[in-house]
Amino acid sequence: MSASLSDDEIEDKFFLLGRMEILNVLNDLIHRRESVAVYFNGGKDFILTLLLDARSDALIFDLGGDPRTNKLLAQSTGCVFIAQPDGIRVQFSGVHPQRFSWGETDAFWVPLPERVIRLQRRECYRNVLPVITALKVKLSNEYGVNLCDWLLHDLSVSGFGATVLGPPRFANDETVAHVVIALSDKIRLDCSGMIRHISQIDRKGKGRYRVGVKFIDLPHVVEVAIQRYIIKIEYERRKLLMK
């Protein structure tokens with residue numbers, strides 16, 4: 001998905017707002033018994049669960065496997081649900097998850113979400129990163145020789161966009177042996193990448209360019225780390241907007 005889309009365009013193109021549409025998507029996840037990740041605490045904690053029932057006023061989902069994490073979720077004020085049936089990303093938010101008795105066991109429930117975002121594989125959402133805490137990416141060749149250091153503009157599990165001063169020394173579809181991004185002190189992304197597009201966005205001086213890079217053979221554990229980083233950024237961004 002183009003990072004240049006406005007919020008209204010994103011909502012029109014990707015968000016399901018009708019109650020019946022939302023129930024259909026949720027019931028499809030239930031029918032498939034699709035695994036769903038529920039992130040909370042600013043993306044620091046999560047459980048893997050199954051949706052159990054979708055009603056006109058509530059969504060019921062199973063407990064996670066860790067009693068401690070279940071207790072923390074019950075104390076949280078909000079959470080984010082993410083599933084990927086057939087590679088299609090389905091995401092929505094829940095507020096005030098509550099634990100209750102459901103049949104002969106316990107489960108969680110949240111109010112039915114007001115909207116659900118549904119992205120096709122070719123429309124993978126890129127999160128525009130804050131300028132103040134922008135991540136850096138280092139590109140190097142197969143011998144470890146540094147080729148460039150860029151500031152990231154946006155990031156997703158499929159790749160990233162970077163803003164570059166002056167024409168980049170790369171060509172479309174060129175492969176880069178090492179793409180390195182430090183997501184945190186403990187988590188470091190290191191994989192190969194492919195240059196997908198180079199676009200000039202400013203002609204002043206040397207000119208500024210936007211470069212899109214696709215990750216190649218990204219480990220699943222790093223995909224999860226990127227998702228958690230994106231959720232953390234969105235959580236912090238929303239907290240600022242609420243002040």
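## The model and the chain

The structure is a predicted model, in which local features need pLDDT of at least 70 and side-chain atom pairs count only at pLDDT 80 or more, while totals for chains, interfaces and linings use all residues. Residues are numbered from 1 along each chain as its sequence is written, and side-chain values use heavy atoms, with hydrogens and water left out.

The chain has four helices and 16 strands. Helices (H or I, at least four residues) and strands (E, at least two) are DSSP runs, numbered from the N terminus. Of the 243 residues in the chain, 44% are buried, where buried means under 20% relative accessible area with a 1.4 Å probe, protein chains only. The accessible surface of the chain is about 14,100 Å², and carbon and sulfur atoms hold 50% of that surface; such areas come from the Shrake-Rupley method with a 1.4 Å probe. Among contacts (heavy atoms within 4.5 Å) with a separation of 6 or more, 57% are between residues 24 or more positions apart.

## The nine-stranded sheet

Nine strands form an open sheet with antiparallel pairing, in the order S1-S9-S6-S5-S2-S3-S4-S8-S7. Strands S1 (15–16) and S7 (98–102) are at the edges with a single partner strand each, so one side of each has no neighbour in the sheet. Two strands pair if DSSP finds at least two bridges between them.

Two helices lie across strands of this sheet. Helix H2 (residues 19–32) lies across S1, S3, S4, S5, S6 and S9, and runs at about 105° to S3. Helix H3 lies across S2, S3, S4, S5, S7 and S8, at about 70° to S3. These angles, from 0 to 180 degrees, are taken between N-to-C directions of axes, which are lines fitted to C-alpha atoms, for helices over the stretch in contact.

Why is strand S4 (residues 58–62) described as largely enclosed by the rest of the structure? Four of its five residues are buried, so the description follows from that count.

On one side, S4 is antiparallel to strand S3 (residues 45–54), with three bridges joining them. S3 and S4 form a hairpin with three residues between them, and Leu-51 stands opposite Phe-61. S4 also pairs with strand S8 (residues 105–111) in the antiparallel sense, over five bridges. In that pairing, Ile-60 stands opposite Trp-109, and Asp-62 has Ala-107 as its bridge partner.

## Ser-76 in a loop

Ser-76 is in the loop between helix H3 (67–75) and strand S5 (78–83). With a relative accessible area of 12%, Ser-76 is buried. A polar atom of its side chain lies 2.7 Å from the backbone oxygen of Leu-73. Apart from neighbours within four places in sequence, Ser-76 is in contact with Phe-40, His-96 and Pro-97.

## Two nonpolar cores

A nonpolar core is a set of buried Ala, Val, Leu, Ile, Met, Phe, Trp, Tyr and Cys residues joined through side-chain atoms within 4.5 Å. The largest has 28 residues, of which Trp-150, Leu-155, Phe-160, Ile-181, Phe-215 and Ile-226 touch the most other members. Helix H4 (220–242) is one of the elements that supply at least two residues of this core, and H4 gives the most, with five. A second, separate core has 26 residues, including Leu-16, Leu-23, Phe-40 and Val-90.

Methods. Buried < 20%, exposed > 50% of the residue type's maximum accessible area, 1.4 Å probe, protein only. Polar contact = N/O pair within 3.5 Å; in protein donor to acceptor, adjacent residues only side chain to side chain.
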